[in-house]
Amino acid sequence: MKEEIYSWIRNLAVFYILLTTVLHLVPDKKYERYVRVFMGLLLIFMLCTPVFAFLGKGEELLGDFQLYYEEETAVMKEKELSNLQEIYLKKGWQWEIEEKIGNSLKEKGIYPGEVEVDIEGEDVTAVLYMEEMPDEEEKGRIERGMEGCGFGEGTFEIRTFEYRPAAVGGSASSGASSGSSSPSGLS
């Protein structure tokens, strides 16, 4: 029993040395609070371990902790996989809709330079980038082509390449709005 107490005290001393070292290595003071909380939880666990060992619950506590940790890890992995699947499905739908719009407009004799589709929840919007703004007749053919793809008025707009967002991964909703004085086309 005496050796177990000495071992426990030695573990606490090593823990405090480790705590002090880690706190000195923290790059920014704002992270110190989080390190202290985590280390405090470890200290509580270390202080409770002999009590549970004395009561014969040490093995059970460790087993429960490991079981809950494994369950939580499995849930987190499942969420990550679900999020990845959702992202890939969304990208696939965007590409498919973009291709469908391009083919539909080509059938009508209109060749957009680029089509961008943005899916946010249930809302699907599209932006057609053209070399130059189409005339009224061509706008009518574009509207009919977009209606054939399920895009009604207000769900798409026509822009020239000069109003294309410069940032990589820019969303279709960025750029000039239809209410501005610049030629942004239909919306």
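Strand E3 (residues 156–160) is mostly covered, since five of its five residues are buried, where buried means under 20% relative accessible area, exposed over 50% and partly exposed in between, with a 1.4 Å probe and protein chains only. The model is a predicted one, in which local features need pLDDT of at least 70 and side-chain atom pairs count only at pLDDT 80 or more, while totals for chains, interfaces and linings use all residues. Residues are numbered from 1 along each chain as its sequence is written, and side-chain values use heavy atoms, with hydrogens and water left out.

**Strand E3 and its surroundings**
- Phe156, Ile158 and Thr160 point one way from E3, Glu157 and Arg159 point the other way, and all are buried.
- E3 pairs in the parallel sense with strand E2 (residues 123–130) over five bridges, pairing being assigned if DSSP finds at least two bridges between two strands.
- Within E3, Arg159 is the bridge partner of Tyr129.

**Overall fold**
- The protein has four helices and three strands, taken as DSSP runs (helices H or I, at least four residues; strands E, at least two) numbered from the N terminus.
- Along the sequence, the pattern reads α-α-α-β-β-α-β.
- Of the 187 residues of the protein, 25% count as buried.

**Cysteines**
- A search of the whole structure finds zero disulfides, a disulfide being a pair of cysteine sulfur atoms within 2.5 Å.
- Cys48 is partly exposed at a relative accessible area of 31%, whereas Cys149 is buried at 13%.
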